[in-house]
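Dear colleague,

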Amino acid sequence: MTATAATEWTGDAGVDAVFDAVADSASEIREALVERRAVLDRENPSGDTISAADEYADDLLAERLLDVDSVAAYASEERDAVLTDDGRYHLAVDPLDGSSNLRPNNCMGTIVGVYDAPLPASGRDLVAAAYVLFGPNTTMVVADGERTVEYLVTEAGAEVLDSDLEIPADPTVYGMGGRRPDWTERVTEATEAMEADRLKLRYGGAFVADVSQVLTHGGLFAYPELQDAPDGKLRYHFECAPMGLITETAGGAATTGDGDWRDVEPTELHERSPIYLGTESLVDEVETTFQNW
């Protein structure tokens with residue numbers, strides 16, 4: 001497919017070719033979900049159960065993206081090894097984020113981080129990021145560090161919905177992953193402060209959907225440190241860093257709780273990290289609370 005080949009996503013031809021391939025694959029992934037609800041008898045490198053839909057999306061995106069001349073490597077949440085080629089950019093892909101939402105028919109999506117260094121790499125090597133959200137509509141949000149743009153994606157192409165997406169400064173929603181009994185004391189304190197401000201709880205179980213809520217309504221979403229999992233649940237390359245870039249470029253902020261998300265120096269491809277992102281004032285409150293412990 002070449003439905004979106006004329007779209008200038010970022011102005012960098014090599015990055016734009018990557019996002020052309022992602023957008024062109026979105027309708028096929030969405031259509032394939034209907035017949036791929038089954039759970040497979042294997043796990044990904046992080047120990048999560050893989051669905052037939054995960055496998056399909058991963059195989060399709062690997063094929064499409066490695067066919068792009070500017071792509072040097074394709075890494076996926078579903079694979080142990082990095083697939084390599086001869087281009088410039090190194091991709092970290094969550095092919096079907098929130099795939100556990102398939103059976104209850106809730107939102108899910110795809111996340112792509114574009115790095116200009118081999119993985120593992122820090123967030124300072126991330127040059128662009130995007131996510132696709134399979135909701136009532138299929139939308140795609142793209143950030144290059146200069147601006148965040150939201151598109152409606154159909155088989156006919158990509159239509160701009162918001163050419164300069166900005167997170168509202170007045171927050172209304174929050175979501176905090178993990179079980180409350182498993183949170184550390186400082187996570188509990190930060191969450192209770194948001195609850196005291198009467199923010200509405202929104203947590204859908206797909207990172208793309210939860211971040212989209214925050215970008216639309218203002219607020220904060222986090223998968224925090226836990227007492228028995230200080231690095232949280234989300235993978236740094238595939239989820240935390242791409243969404244950190246998207247949120248910051250939209251005028252928000254992101255933190256690991258103990259510092260700038262860009263300064264993480266991962267040593268493993270599937271390394272995890274806490275992430276707190278959203279409206280800048282709420283992220284600042286989280287950091288202040290944590291610093292006082």
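Below is what was found in this structure, arranged by topic. Please bear in mind throughout that this is a predicted model.

The open sheet

Eight strands make up an open sheet with mixed pairing, and their order is β4-β3-β5-β6-β7-β8-β9-β10. The edges are taken by β4 (83–84) and β10 (157–162), each of which has a single partner strand, so that one side of each is left without a neighbour in the sheet. Within this sheet, β6 and β7 run antiparallel and are joined by eight bridges, and V112 is found opposite A130 in β7.

The loop between β6 (108–115) and β7 (126–134) is also where P120 is placed, and the peptide bond that joins L119 to P120 is cis, with an omega of about 5°.

Strand β13, which covers residues 219–223, is mostly covered, with five of its five residues buried.

With strand β11 (residues 173–176), β13 pairs in the parallel sense over four bridges, and A222 is the bridge partner of M176. With strand β15 (residues 275–278), the pairing of β13 is antiparallel, again over four bridges, and here F221 stands opposite L277.

Backbone angles worth a look

N105, with a phi of about 65°, is placed in the loop between β5 (89–97) and β6, and its relative accessibility of 67% makes it count as exposed. R198 likewise has a positive phi of about 65°; its place is in the loop between α3 (185–196) and β12 (200–201), and with a relative accessible area of 73% R198 is exposed.

Salt bridges

The count of salt bridges comes to twelve, and several of them may be of interest to you.

One of these is formed by E28 and R64, whose closest N and O atoms are 3.0 Å apart. This pair links distant parts of the chain, since E28 belongs to helix α1 (residues 13–32) and R64 to helix α2, 36 residues apart. R64 counts as partly exposed, at 23% relative accessibility.

In another, E195 meets R180, and the closest N and O atoms are 2.5 Å apart. Because E195 lies in helix α3 while R180 lies in the loop between β11 and α3, the pair ties together parts that are 15 residues apart in sequence. E195 is partly exposed, with a relative accessible area of 29%, and R180 also counts as partly exposed, at 39% relative accessibility.

Are the two partners buried or exposed? D258 counts as exposed, at 57% relative accessibility, whereas R186, at 14%, counts as buried, because the cut-off for buried is under 20% relative accessible area and that for exposed is over 50%.

Finally, D58, D59 and R79 are linked in a network of salt bridges.

A negative patch on the surface

The residues E63, D67, D69, D85 and D86 form a negative surface patch. One of them, D69, lies in the loop between α2 (52–66) and β3 (71–76), and at 74% relative accessibility D69 counts as exposed.

With kind regards

Terms used
Residues are numbered from 1 along each chain as its sequence is written. This is a predicted model: local features need pLDDT of at least 70, side-chain atom pairs count only at pLDDT 80 or more; totals for chains, interfaces and linings use all residues. Side-chain values use heavy atoms; hydrogens and water are left out. Buried means under 20% relative accessible area, exposed over 50%, partly exposed in between (1.4 Å probe, protein chains only). Helices (H or I, at least four residues) and strands (E, at least two) are DSSP runs, numbered from the N terminus. Two strands pair if DSSP finds at least two bridges between them. Patches are made of residues with over 30% relative accessible area and no salt bridge: like charges are joined within 9 Å, nonpolar side chains (Val, Leu, Ile, Met, Phe, Trp, Tyr) within 5 Å. Accessible areas come from the Shrake-Rupley method with a 1.4 Å probe; for residues, only the protein chains shown count as cover. A salt bridge is a side-chain nitrogen of Lys or Arg within 4 Å of a carboxyl oxygen of Asp or Glu. Lys and Arg count as positive and Asp and Glu as negative; His and the chain ends are not counted. The place of a charge is taken as NZ of Lys, CZ of Arg, CG of Asp or CD of Glu.
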